[in-house]
Amino acid sequence: MSEVFVMDAPETVAAPRVSEWKRFLKILFQRKLVVFGVFVLLCLVLVAIFAPLIAQYDPYKNDMAHSLQSPSSQHWLGTDNLGRDVFSRLVYGARTALEVGFGTVAFAAILGVILGLLAGFLGGWTNAIIMRAMDTLMAFPMIVLALLLVAVLGAGIQNVIIALGVATVPGYTRLMCGTTLSVRENEYILAQRAIGAKSLRTMVRHVLPNAIQPVIVLVTTMLGNVILAEASLSFLGIGIKPPGAAWGSMASAGFRDLGTHPLLSFAPALAIMLVVFAFNMVGDGLRDALDPKLRGKL
Amino acid sequence: MTSLPNVAQAPAATGSDETILEVQDLKMYFPITRGLLKRRVGDIKAVDGVSFKLRKGETLGLVGESGCGKTTVGRCLCRLYKPTAGQIWFNGKEISSLPEKEFRPLRSDISIIFQDPYGSLDPRQTAGSIVGEPLRIHKLVKSKAEYNERLESLFAKVGLASNLMPRYPHEFSGGQRQRIGIARALAGDPSLIICDEPVSALDVSIQAQIINLLMDLREGQSELTYIFIAHDLSVVKHISDRIAVMYLGRILEITTPEELYANPIHPYTRALLSAVCVPDPDIEASRARIVLEGEVPSPVNPPAGCSFHTRCPDAMPACRTTVPTLKQVGNDHEVACLAVTPGGG
């Protein structure tokens with residue numbers, strides 16, 4: 001070998017390692033609202049997991065003798081018109097919200113990422129067919145499309161997940177297609193072809209990891225939106241079937257007694273608001289923390 | 001090498017065992033489309049009839065200004081583009097029209113080093129994974145141990161410490177990244193490496209290191225053939241056995257570096273050489289420079305006849321109509337110019 005190879009002590013040869021993870025957390029928790037959001041979501045998850053331990057009453061059991069009670073030490077938030085404990089139903093409602101939220105987002109994000117990756121990377125007819133289908137779905141407002149699908153499929157948690165999933169797929173597909181289009185223009189994708197990699201390998205191992213980041217942010221904000229949409233469907237009476245505990249249907253059912261027992265509607269409404277707000281805050285924080293323009297700062 | 005079906009025979013003239021690559025009348029047109037229906041309204045004639053031969057172990061320098069098609073030639077050779085017309089014979093096999101599936105096994109034998117050491121490495125892969133990718137794709141190793149062994153020897157070959165393997169591209173300097181790119185190009189044990197301006201994006205001091213590295217690799221393995229693409233004549237002169245000067249998609253002159261510098265014949269080559277700075281202020285101030293008039297014509301609508309006639313100081317009426325072909329004018333010296341009369345061999 002020639003003398004030009006300056007082989008210093010290997011430790012000094014490359015730039016010092018900066019922990020990406022540490023930097024990420026630092027930016028993420030810079031804003032107090034993000035900390036608050038993460039705290040709310042952690043509580044929500046814990047409540048959903050340990051619902052049977054937290055709720056003192058069966059959320060589904062009618063007790064007409066004690067209907068429409070005001071808050072007391074027995075019933076912290078009172079009882080509804082069928083005598084069910086509002087607090088217990090609220091706790092179980094957290095389960096429904098998370099099930100629908102995560103179920104829908106997982107379904108839509110996985111489908112959307114696959115479709116967007118194919119459309120963006122393969123281009124041509126594949127792109128035209130997938131993206132026109134997505135445009136068609138996007139022509140309907142999300143909630144109207146979900147309403148339509150639930151009307152066809154019938155109520156129930158699974159059908160709500162499918163309906164909201166289909167209604168939100170275009171967002172993921174478009175985003176993924178866009179980032180894929182920009183990632184695929186990089187020379188390292190050309191290099192993959194030059195060394196003989198097949199399209200599928202390049203797509204999964206090289207395009208996907210480089211194009212997925214914006215989808216992660218979208219997932220967080222969509223969680224809030226989807227929970228809100230589920231609440232809307234349940235409020236309209238076509239989401240979760242009674243006696244299932246869903247915040248939307250609780251708010252709807254409590255409407256009749258709004259004058260005398262405002263908590264029946266306000267408690268679930270407040271829960272919805274808090275959770276959606278928390279998801280949006282965390283989404284914003286993630287977007288900032290993953291922003292490449294902020295990379296290297298702090 | 002695996003034998004493939006529908007292999008045609010190389011032309012008789014290239015029967016020599018020495019020839020690794022022969023390019024005949026290579027053309028690469030990129031269509032310009034317009035409107036919703038992608039109507040073809042014209043072509044960018046990036047490469048318009050390039051022919052050359054390359055012996056095993058030889059280094060061919062490809063020079064020319066931006067947009068003259070040198071990168072396109074390189075990318076056609078490793079089939080990143082499918083040429084519009086022409087033939088490429090690699091080791092006696094015509095590869096310009098092979099379907100991707102049949103060409104894929106050959107991809108470990110022809111590799112490419114890219115210009116941009118930042119864009120050509122996947123930011124989410126470790127250096128080791130990037131270099132090892134060809135080994136995994138072509139299943140060139142049988143075990144994890146052999147894989148690690150090959151990786152270590154590749155890293156050593158390009159002058160990188162093996163403990164840098166788990167690092168990501170952003171943790172390296174430009175020169176180090178280019179070494180990773182070179183290691184990746186070497187991984188498949190290729191016989192032909194296309195170096196697409198591998199040093200243009202680097203500092204001058206690092207340029208020298210990378211060029212020396214490429215030359216050292218050639219020393220170690222006499223079978224290694226390079227096509228070295230650059231816009232800097234002095235860089236090419238240092239590494240090449242022969243230099244081809246390109247202009248607007250064609251080769252105008254092809255000869256050895258010594259001959260090119262001592263006896264440039266084509267008016268374009270002379271102008272190009274006169275633009276090279278001399279590191280002596282007195283000579284630099286007094287020497288005569290040939291300054292070409294005007295701009296390089298658009299490759300969408302190249303001039304008829306000799307593509308250089310619009311700017312040539314010695315243009316004749318015939319230059320507007322007749323396309324000059326490469327003619328032997330001396331020992332291993334070919335020129336495409338109507339004003340030149342073919343000389344002895």
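Mentor: The discussion below turns to helix packing and then to domains. This is a predicted model, in which local features need pLDDT of at least 70, side-chain atom pairs count only at pLDDT 80 or more, and totals for chains, interfaces and linings use all residues. Residues are numbered from 1 along each chain as its sequence is written, and chains are lettered from A and ligands numbered from 1 in the order in which they are written.

Trainee: How are two packed helices described?

Mentor: Two packed helices are described by the angle between their axes and the distance between the axes. Here, α5 (residues 174–187) and α6 (residues 204–220) of chain B have axes that come within 10 Å and cross at roughly 20°. Helices are DSSP runs (H or I, at least four residues), numbered from the N terminus; axes are lines fitted to C-alpha atoms over the stretch in contact, with angles from 0 to 180 degrees between N-to-C directions. α5(B) is therefore roughly parallel to α6(B) (angles under 35 degrees).

Trainee: Which residues of α5(B) and α6(B) meet?

Mentor: Gly174(B), Gly175(B), Gln178(B) and Ile182(B) of α5(B) meet Ile206(B), Gln209(B), Ile210(B) and Leu213(B) of α6(B); contact requires C-beta atoms, placed from the backbone, within 7 Å. By class, this contact has four nonpolar, four polar and no charged residues (Ala, Val, Leu, Ile, Met, Phe, Trp, Tyr, Cys and Pro are nonpolar, Asp, Glu, Lys and Arg charged, and the others, Gly among them, polar).

Trainee: What is the domain assignment of chain B?

Mentor: Chain B has domain 1 (12–109 + 190–335) and domain 2 (117–189), with bounds from an automatic or database domain assignment. Their contact takes twelve residues from domain 1 of chain B and 14 residues from domain 2 of chain B. On the domain 1 side, α6(B) gives the most, with five residues.

Methods. Helix = DSSP H or I, 4+ residues; strand = E, 2+ residues; numbered from the N terminus. Parallel < 35°, antiparallel > 145°, perpendicular 65-115°, else oblique. Contact = placed C-beta atoms within 7 Å.
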